[in-house]
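Please read it alongside the sequence and the coordinates.

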Amino acid sequence: MKASMLDTKIERMSVKVGEAILSQSQDGYHPKMANQWGYVAGMALAAIDKLGDWTGDAKYHDFVKRHMDVFIQEDGSIRGYKLNDYNLDHINKGKNLFRLWRETGEAKYEAAARLLLTQLVGQPRTSEGGFWHKKIYPFQMWLDGLYMSSPFMAEYAHTFQDNSWFDEAAHQLLLVERHTRNPQTGLLHHAWDETQEQRWCASGTGQSRHVWGRAMGWYAMALVDALEYFPIGHPKRGQLMGIFERMANSVVRAQDQESGVWYQVMDCNGQQGNYLESSGSCMLTYAIAKGIRLHYLAEIDRSVVERAYEGILQRFVTEDEQGVHLHQICHGAGLGGRKYRDGSYAYYLSEAIVSDVLMGVAPLLLATLEMEQLRESCEE
């Protein structure tokens with residue numbers, strides 16, 4: 001497809017996707033964003049906030065504030081939040097606090113951000129200082145957790161002028177990359193168990209068996225979103241950009257040549273049962289497009305994300321009188337737990353495939369916004 005045809009589609013898509021999310025609201029509240037303090041809702045609210053910036057329409061910012069105020073109490077406590085769970089997923093929604101504090105000056109938003117930071121101060125760690133993904137997953141680092149926590153730490157450092165949290169964010173991002181990276185493919189395995197006790201990990205490395213597409217997406221977004229706040233003079237900034245470049249090139253090599261998108265299990269392209277998955281594809285498209293736009297990636301051509309985004313529109317997106325729909329979303333995947341998830345190829349293929357859930361639609365909005373911004377920046 002010619003770039004001009006692609007650009008025409010992109011121009012009108014971000015608002016369509018945003019409105020598809022808002023249309024599910026009842027009495028002004030989206031049921032999946034107002035029901036609990038959760039990481040998927042946090043990602044969706046951040047995407048809607050970006051849509052407000054991009055369109056200049058204040059209703060999107062108002063939507064975010066309204067949903068955050070369901071949880072943020074006047075004393076800065078967070079309804080439904082349990083610090084003692086030491087769950088990195090609980091940090092993600094807090095990314096929406098910084099803008100609210102900057103724009104309103106209301107003390108409750110700063111207090112809530114500092115409450116979440118208190119969790120990170122006490123977050124259990126590996127012997128090298130890596131955050132456990134959750135208290136219930138001892139000595140395990142998951143790629144998911146880097147998205148939940150590292151951009152939060154970087155924006156906290158930027159907002160409150162506390163450079164120690166830049167150091168912490170860099171440490172976490174670099175450490176997990178070192179322990180999960182496959183030297184043959186350059187891709188990152190879903191998780192790492194320092195103790196090598198879990199049945200899901202490989203003896204000798206502690207790495208989980210496979211490269212899950214959405215986990216790669218979580219980590220890629222973590223890197224690019226954290227880097228956005230790092231000062232140019234930070235001693236780890238260049239190293240973070242270097243591993244982002246190396247990882248992005250590995251991701252491009254794993255791109256499906258026919259469709260331009262990525263598989264559910266990225267180290268098993270084309271194997272029986274494997275399928276092209278939309279949420280991870282949207283996340284990777286977002287991260288690489290943003291990296292190109294912000295000049296973090298020196299050797300990745302814009303055509304990579306144009307192909308990926310066009311593949312997303314062709315393979316996963318439909319439109320009807322109800323609006324935009326996204327399909328082929330892996331409902332969820334993890335490792336270990338009570339109902340044990342063994343990290344096998346068969347396991348990743350066994351999880352439900354769904355449509356229109358925020359886990360996929362929020363990354364679609366993020367990817368669409370980045371593609372629109374990239375297009376505009378290339379035209380300037």
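Which element gives the largest share of the lining of the second largest pocket? Helix 3 does, with 7 residues; helices here are DSSP runs (H or I, at least four residues) numbered from the N terminus. The model is a predicted one, in which local features need pLDDT of at least 70 and side-chain atom pairs count only at pLDDT 80 or more, while totals for chains, interfaces and linings use all residues. Residues are numbered from 1 along each chain as its sequence is written, and side-chain values use heavy atoms, with hydrogens and water left out.

**Pockets**

A pocket is an open set of points, on a 1 Å grid over the protein atoms alone, where a 1.4 Å probe fits and protein lies on both sides within 12 Å along at least five of seven lines; lining residues have an atom within 4 Å of a point. A volume is the space filled by probe spheres set on the points, which are joined across faces, edges and corners.

The largest pocket holds about 810 Å³ of space, and of the 29 residues that line the largest pocket, Gln36, Tyr39, Val40, His331 and Met359 are the closest to its centre. Two or more lining residues come from each of helix 3 (39-55), helix 7 (143-160), helix 9 (213-227) and helix 14 (358-379), and helix 3 gives the largest share, 3 residues.

The second largest pocket holds about 580 Å³, and among its 25 lining residues Ala46, Lys50, Asp53, Glu228 and Tyr229 lie nearest its centre. Helix 3, helix 5 (97-104), helix 7, helix 11 (278-293) and helix 14 each give two or more residues to the lining of the second largest pocket.

**Helix packing**

Axes are lines fitted to C-alpha atoms over the stretch in contact, and angles run from 0 to 180 degrees between N-to-C directions; contact means heavy atoms within 4.5 Å.

Helix 5 and helix 7 pack at an angle of about 20 degrees with their axes 10 Å apart, and are therefore roughly parallel to each other (angles under 35 degrees count as roughly parallel, and over 145 as roughly antiparallel). Helix 5 passes helix 7 in a left-handed crossing, meaning that the near helix is turned anticlockwise from the far one by less than a right angle. Phe98, Trp101 and Arg102 of helix 5 make the contact with Phe152, Glu155, Tyr156, Thr159 and Phe160 of helix 7, and these residues divide into 5 nonpolar, 1 polar and 2 charged.

The axes of helix 7 and helix 8 (residues 164-180) come within 7 Å and cross at roughly 160 degrees, which makes helix 7 roughly antiparallel to helix 8. The crossing of helix 7 and helix 8 is also left-handed, and the residues in their contact divide into 11 nonpolar, 4 polar and 1 charged.

Helix 9 and helix 10 (residues 237-253) pack at about 145 degrees, with their axes 10 Å apart, in a left-handed crossing. Their contact brings Met216, Tyr219, Ala220, Leu223, Val224 and Leu227 of helix 9 to Arg237, Leu240, Met241, Ile243, Phe244, Met247 and Val251 of helix 10; the residues of this contact divide into 12 nonpolar, no polar and 1 charged.

Terms used:
Angles under 35 degrees count as roughly parallel, over 145 as roughly antiparallel, 65 to 115 as roughly perpendicular and the rest as oblique. Ala, Val, Leu, Ile, Met, Phe, Trp, Tyr, Cys and Pro count as nonpolar, Asp, Glu, Lys and Arg as charged, and the others, Gly among them, as polar.
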